[in-house]
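Please read the following note alongside the sequence and the three-dimensional view. It was written for a colleague who is new to protein structures.

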Amino acid sequence: MTTAVQVRGLRKEYPGRVAVAGIDLDIEGGEIFALLGPNGAGKTTTVEILEGHRRRDAGEIQVLGTDPAHAGQRWRARIGIVLQTATDAAELTVAESVRHFAGYYPTPRDPDEVIDRVGLTARAKARVRTLSGGQRRRLDVALGIVGDPELLFLDEPTTGFDPEARRQFWALIRLLAADGTTILLTTHYLDEAEALADRVAVIADGSVVAQGTPATIGGRDRALATVRWREQGAVLERRTSTPTELIRELSRTGGELADLIVLRPSLEDTYLDLIGGRP
Ligand SMILES: Nc1ncnc2c1ncn2[C@@H]1O[C@H](COP(=O)(O)OP(=O)(O)OP(=O)(O)O)[C@@H](O)[C@H]1O
């Protein structure tokens, strides 16, 4: 497998503020990688540097084998960017916008197929200004993928989506990844990171505080489980590393345990622990 993104010792300072304080990252080709972290952690700065839109102060970076600070048009055509800001060609129709963007790339995808993939076929002839917020985000995604990018940057892609649209969007991202597109996702939705990402990195105060799969990051897989049940009207709970053993023990003494559940820390619990105490 090839490395799509390699970052070593990345630093970026704004006047009076270190935004990125020495970050290392490796993103493999075909992987969905999520960058998590609180507001102001340095995610956008990092991503903008990787996109070639911002200068760094120090560090080594390779994105698709090229340093973004010295990359040209040909490299740019190999990446796709879906920004937080909505598209602003409000008087064009959806189909016109996507076709127009396709014209910027040497080997674009078929615009109609892209519109279909993002679920906008029924609105293809609608003017952009008449789209709902969620539909506009889908158009943003269409514009990000019409160039058939090898690497796609997605910044908060599902903000404003209804639950059904989110699920459809996740299915689209999985399809893109299955086609071999590498995806760098920035999100504040931990369930989204859990549903989509092969690996996640948590950034706080400009540094990576943990990196791993959603299931194992921060020792999540080794964390104690909570066994909770009801006895004579009272809710009882115990934290244990061996929940099966505990349940076996409990069930020996009587019949069915009422309202029995085994809880493990969610990705959100682990994330909050990892960034705990930070602003
Ligand atoms: N152009 C800029 N000039 C000065 N300071 C900046 C600039 N851009 C960002 N910062 C500061 O750098 C820090 C990191 O910001 P950044 O936007 O990278 O964080 P983020 O993790 O993307 O946050 P969010 O989740 O809110 O988007 C913040 O303290 C921010 O105020």
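The points below go from the whole chain to its sheets, its helices and the ligand.

1. Before anything else, please keep in mind that this is a predicted model, in which local features need pLDDT of at least 70 and side-chain atom pairs count only at pLDDT 80 or more, while totals for chains, interfaces and linings use all residues. Residues are numbered from 1 along each chain as its sequence is written.

2. The protein chain has 9 helices and 12 strands; helices (H or I, at least four residues) and strands (E, at least two) are DSSP runs, numbered from the N terminus. Taken along the principal axes, the C-alpha atoms fill a box of roughly 70 × 45 × 35 Å. Of the 279 residues, 34% count as buried, where buried is to say that 20 or more other C-beta atoms, placed from the backbone, lie within 10 Å of the residue's own. Among contacts between residues at least 6 apart in sequence, 67% join residues at least 24 apart, a contact being two C-beta atoms, placed from the backbone, within 7 Å.

3. Strand β6 (residues 151–155) and strand β7 (residues 182–186) pair in the parallel sense over 5 bridges, with Ile183 in β7 as the bridge partner of Leu152. By contrast, β8 and β9 pair in the antiparallel sense, also over 5 bridges, and they form a hairpin with 2 residues between them, where Asp205 in the turn has a positive phi of about 50°.

4. A second open sheet, of 3 strands, has the order β2-β1-β4 with antiparallel pairing. Here β2 and β4 (58–63) stand at the edges, each with a single partner strand, so one side of each is left without a neighbour in the sheet. Strand β1 (residues 3–14) is joined to β4 by 5 bridges, and Gln6 stands opposite Gln62 in β4.

5. Which residues surround the ligand? They are Tyr14, Arg17, Ala19, Gly37, Asn39, Gly40, Ala41, Gly42, Lys43, Thr44 and Thr45, each with its C-beta atom, placed from the backbone, within 6 Å of the ligand. The elements that give two or more residues to this shell are β2 (17–28) and α1 (43–50), and the largest share, 3 residues, comes from α1.

6. Finally, the buried residues of helix α9 (residues 267–274) are Leu267, Thr270 and Tyr271. They cover an arc of only 100° around the axis, taken from the directions from the helix axis to the C-beta atoms, which puts them on the same side of α9. What covers these residues includes β3 (32–36), α7 (190–196) and β8 (199–204).

Terms used: A residue is buried if 20 or more other C-beta atoms lie within 10 Å of its own, exposed if 12 or fewer, and partly exposed in between; C-beta atoms are placed from the backbone. Two strands pair if DSSP finds at least two bridges between them.
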